[in-house]
Amino acid sequence: MSITSKHTLIIFLILFSLAALVFAADYPTPSVSTDAALANLKEGNARFATHEVSQGKPNAAKRAETAQTQRPFAIVVACADSRTSPELIFDHNIGDLFVVRTAGNLVDDYALGSIEYAVNHLGARLIVVVGHDGCGAVKAALTSDTAPGHVQSLVRDIQPAIKAVKGKEGDPLHLAITENARLMADKIRSQTDFGELAKEVRIVYGVYDLTTGKVDWGKN
Ligand SMILES: [Zn+2]
């Protein structure tokens with residue numbers, strides 16, 4: 001083999017290895033089925049609600065296991081509220097959940113892009129939107145359709161939920177919180193691009209109770 005051929009072969013091998021590394025970062029197959037992922041969340045939430053938290057704390061072993069790659073089993077869209085951390089309320093660890101959080105669990109372009117990335121590259125197929133009772137963002141939107149600064153954006157985008165439940169029987173705040181979570185699930189369903197993976201994706205929503213620690217999954 002000539003020196004030029006050897007160089008060509010070496011360059012080819014390097015490029016092939018790099019390509020293999022790049023593709024190895026993708027997970028076209030789901031990390032787990034959506035049914036198993038939802039059951040895993042429900043079991044974790046039951047542990048949390050009954051004080052039997054078993055695996056909620058990050059540790060050195062889990063950090064080492066996930067340092068090079070991640071394969072979360074679910075995507076959680078939650079409120080930025082300090083009392084609703086998905087890793088805690090579902091009793092899971094670093095590397096388990098791909099989490100998107102904004103006040104009022106609203107979904108914008110950045111959130112949609114993040115969700116698409118997690119489905120298309122990390123193997124997650126279950127997407128859950130988790131609202132929570134006593135949500136300050138929804139409360140603000142229920143009180144007024146205007147707010148100072150960038151809070152106005154939140155209040156504006158929660159208004160569709162407020163309007164949808166107006167006049168309905170029940171607690172207006174709870175109704176609006178549930179409707180807002182449902183609308184965000186709908187928005188994810190209609191505005192994301194998962195390509196061929198779309199048929200594998202399942203999207204559900206729930207409402208977390210700050211007092212009991214339980215997530216109500218409603219009609220999902
Ligand atoms: Zn909130």
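Biologist: Why does Phe48 count as partly exposed in this predicted model?
Modeller: Phe48 has 25% relative accessibility. Buried means under 20% and exposed over 50%, with partly exposed in between. So Phe48 counts as partly exposed.

Biologist: And why does Tyr208 count as buried?
Modeller: Its relative accessibility is 3%. The cut-off for buried is under 20%. Tyr208 therefore counts as buried.

Biologist: How many aromatic pairs does the structure hold?
Modeller: The structure holds 2.

Biologist: What makes the pair of Phe48 and Tyr208 tilted?
Modeller: The ring centres lie 6.5 Å apart, and the planes stand at 45°. Stacked needs under 30 degrees, edge-to-face over 60.

Biologist: Why is the pair of Phe90 and Trp217 called stacked?
Modeller: The planes are at 25°, with the centres 6.1 Å apart. Planes under 30 degrees apart count as stacked, so this pair does.

Biologist: What makes this pair a tie between parts of the chain?
Modeller: Phe90 lies in the loop between helix 4 (86-89) and strand 2 (97-102). Trp217 lies in the segment after strand 5 (215-216). The parts tied together are therefore 127 residues apart in sequence. Both Phe90 and Trp217 are buried.

Biologist: How do you know which atoms are the protein donors of the zinc ion?
Modeller: Donors must lie within 2.8 Å of the metal. Cys79 (SG), His132 (NE2) and Cys135 (SG) lie 2.1 to 2.3 Å from the zinc ion. Their spacing in sequence is C-x52-H-x2-C. His132 and Cys135 are buried.

Notes: Residues are numbered from 1 along each chain as its sequence is written. This is a predicted model: local features need pLDDT of at least 70, side-chain atom pairs count only at pLDDT 80 or more; totals for chains, interfaces and linings use all residues. Side-chain values use heavy atoms; hydrogens and water are left out. Donors are N, O and S atoms within 2.8 Å of the metal (3.2 Å for Na, K and Ca); water is not among the atoms, so sites may look incomplete. Buried means under 20% relative accessible area, exposed over 50%, partly exposed in between (1.4 Å probe, protein chains only). Rings of Phe, Tyr and Trp (its six-membered ring) pair if their centres lie within 6.5 Å; planes under 30 degrees apart count as stacked, over 60 as edge-to-face and the rest as tilted. Helices (H or I, at least four residues) and strands (E, at least two) are DSSP runs, numbered from the N terminus.
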